[in-house]
Amino acid sequence: MLVLDINDAEITLRRNGDELYRQPGVADVAPKTTVLGHKARARSRLHPQRSHNEFWQRLNADPVTPHGRAVGNQADLVYLQLRELYAATEEKRPAVVVVAPSAVTNEQFAVLLGIAAEAGFDVHAIVDASVAAASRQTWDGSCAVVDVSLQRATVTQVERVDTDNGPVVRRAAVDEIPAAGFVPLLEGWIDVVADRFVDGTRFDPLRIAATEQQVFDQLLTGIDTGAAEFAIEVDHHDVTRRVSVSRHALAQKSTQRYELFAKALGGAGTLAVSHRVLRLPGFAAFLQGAGHQLLPLTPDALDGAVRDQAEHILPGPDEAGGTPGARLITSLPARAGATSEPVPSRWPTHVLCNALAIPLAGDTSANEHPAFRPGSPNFRIRRGENGISVVPPPDAAVSLNGMPIDFEHPAGAGDTIDSGNLAFHLIAVVDGEEHG
């Protein structure tokens, strides 16, 4: 099954779980040629007048100025990126399920279906991303799904409803927060780096397009790696200048935008948080600090949910034996059993590093382990009533299963915590009687 996620922060196509394509929804439109994705983003500061990053959000016929060959409006750019996706499938008329942000309108869906058909795709269904994500989660009370795209962040309220066919999860309401989109946040972070250069080297990298592009590229890389602090270098006239910036400093710059987002959430509740939000410096920690319970979503969460719910998403044959048109799906059966709360007997009992294991007490610090090295991040492993969680220290690089975390994150047996050059494995030791 092909699953296409059209969140323009990273347009993603997967086949049966394998990633075929992941590129941002960015275009560089020159008079004779148009490039998309990472290549276009790498030119966005060099040629800002040619750079476009709103076409997936607009999904309409608004003009592109200046236009290029075969590019006159926003829909043309969507078509061109869909053609890149089509090439990645190596199939003829591939069938696909589209996963779309909750804020996409019915009119935009109609435009998308027409463009997708012209690009060579057979769209079988369009699934609300928030509903798909929430259908595999367990929560009490209210729940909202939080995601971020290039131009906006979204908060989608979902609800669990009992029906004759069992409980279903459905979309209730959607709020958009443009101030917390990735592009507005990124502009603030670029200013932080530029200020560091001016203060430390008396050089303003934003004054020259080439050095601004260098800052832009390295800042994106630093954020994606999740490093607590990373260096950014600019080269100009054979002179290299370097500054360091921390995720904490970037998070502080975004505090006001995070607060605007928090207002849209209202009171504390349960939040299913996309991997895109988890990458934003300090955002998840801010939400957790405001009293929200976070349900972190992995990068393949939507793809897994769609494949898990295939029987409810893919249309059956119509009366004539053909396949009916694509459906818009805003409710799905609740499959909370796939991600229910951990069974206590399967909770981790020990943490293993360099062939040495120590038992987990109520609150275990990494520096209690014999393999711990001075200078490594001293995270904590907390054992509570609802399971095990990993608590990273402020301004330190800690990853859980390869994903950088800067907030308290639930964990289980089999998970790996990377801290500095050390890998700590959470394991469950079963005694002889229980094993028998």
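**Entry 1: proline 281**

I began with the contacts of proline 281, counting heavy atoms within 4.5 Å. Leaving aside neighbours within four places in sequence, I found proline 281 in contact with Trp189, Ile223, Arg247, Leu250, Ala251, Tyr258 and Asp406. I note for the record that this is a predicted model, where local features need pLDDT of at least 70, side-chain atom pairs count only at pLDDT 80 or more, and totals for chains, interfaces and linings use all residues. Residues are numbered from 1 along each chain as its sequence is written, and side-chain values use heavy atoms, with hydrogens and water left out.

Where does proline 281 lie? I place proline 281 in the loop between α10 (275–278) and α11 (283–289). Helices here are DSSP runs of H or I with at least four residues, strands are runs of E with at least two, and both are numbered from the N terminus.

Is proline 281 buried or exposed? Proline 281 counts as buried because its relative accessibility is 0%. The scale I use calls a residue buried under 20% relative accessible area, exposed over 50% and partly exposed in between, with a 1.4 Å probe and protein chains only. I also checked proline 281 against leucine 46: they are 235 residues apart in sequence and 26 Å apart in space, C-alpha to C-alpha.

**Entry 2: cavities**

I work on a 1 Å grid over the protein atoms alone: a cavity is a set of points where a 1.4 Å probe fits but cannot get out, a pocket is an open set with protein on both sides within 12 Å along at least five of seven lines, and lining residues have an atom within 4 Å of a point. Grid points are joined across faces, edges and corners, and a volume is the space filled by probe spheres set on the points.

How many cavities of 30 Å³ or more are there? I count three.

The largest cavity holds about 70 Å³. Its lining consists of Ile6, Asn7, Asp8, Trp56, Gln57, Leu59, Pro101, Val104, Ser149 and Arg152. By class I get five nonpolar, three polar and two charged residues for the largest cavity. My classes take Ala, Val, Leu, Ile, Met, Phe, Trp, Tyr, Cys and Pro as nonpolar, Asp, Glu, Lys and Arg as charged, and the others, Gly among them, as polar.

The second largest cavity holds about 50 Å³. Ile223, Asp224, Gly226, Arg247, Leu278, Arg279, Pro404, Ile405 and Asp406 line the second largest cavity. Among these, Ile223, Arg247 and Asp406 took me back to my first entry, as they also touch proline 281. Helix α7 (209–225) and strand β26 each supply at least two residues of this lining, which divides into four nonpolar, one polar and four charged.

I then looked at the second largest pocket, with a volume of about 730 Å³. Its lining has 47 residues, and Ala9, Glu10, His275, Arg276 and Arg279 lie nearest the centre. I sorted this lining into 22 nonpolar, 13 polar and twelve charged residues.

Which strand gives the most to the lining of the second largest pocket? I find β11 (residues 143–148), with four residues. Six of the six residues of β11 are buried: Cys143, Val145 and Asp147 on one side, Ala144, Val146 and Val148 on the other.

For pairing, I ask DSSP for at least two bridges between two strands. β11 runs antiparallel to β12 (residues 153–163) over six bridges, and a hairpin of four residues joins these two strands. Aspartate 147 has threonine 154 in β12 as its bridge partner. With β16 (residues 270–273), β11 pairs in the parallel sense over four bridges, and there alanine 144 is partnered by leucine 271.

**Entry 3: the sheet with β26**

My last stop was the open, antiparallel sheet of six strands, in the order β21-β20-β29-β28-β25-β26. Its edges are β21 (356–359) and β26 (403–405), each pairing on one side only. β26 is joined to β25 (residues 398–400) by three antiparallel bridges, and I find leucine 400 partnered by methionine 403 in β26.
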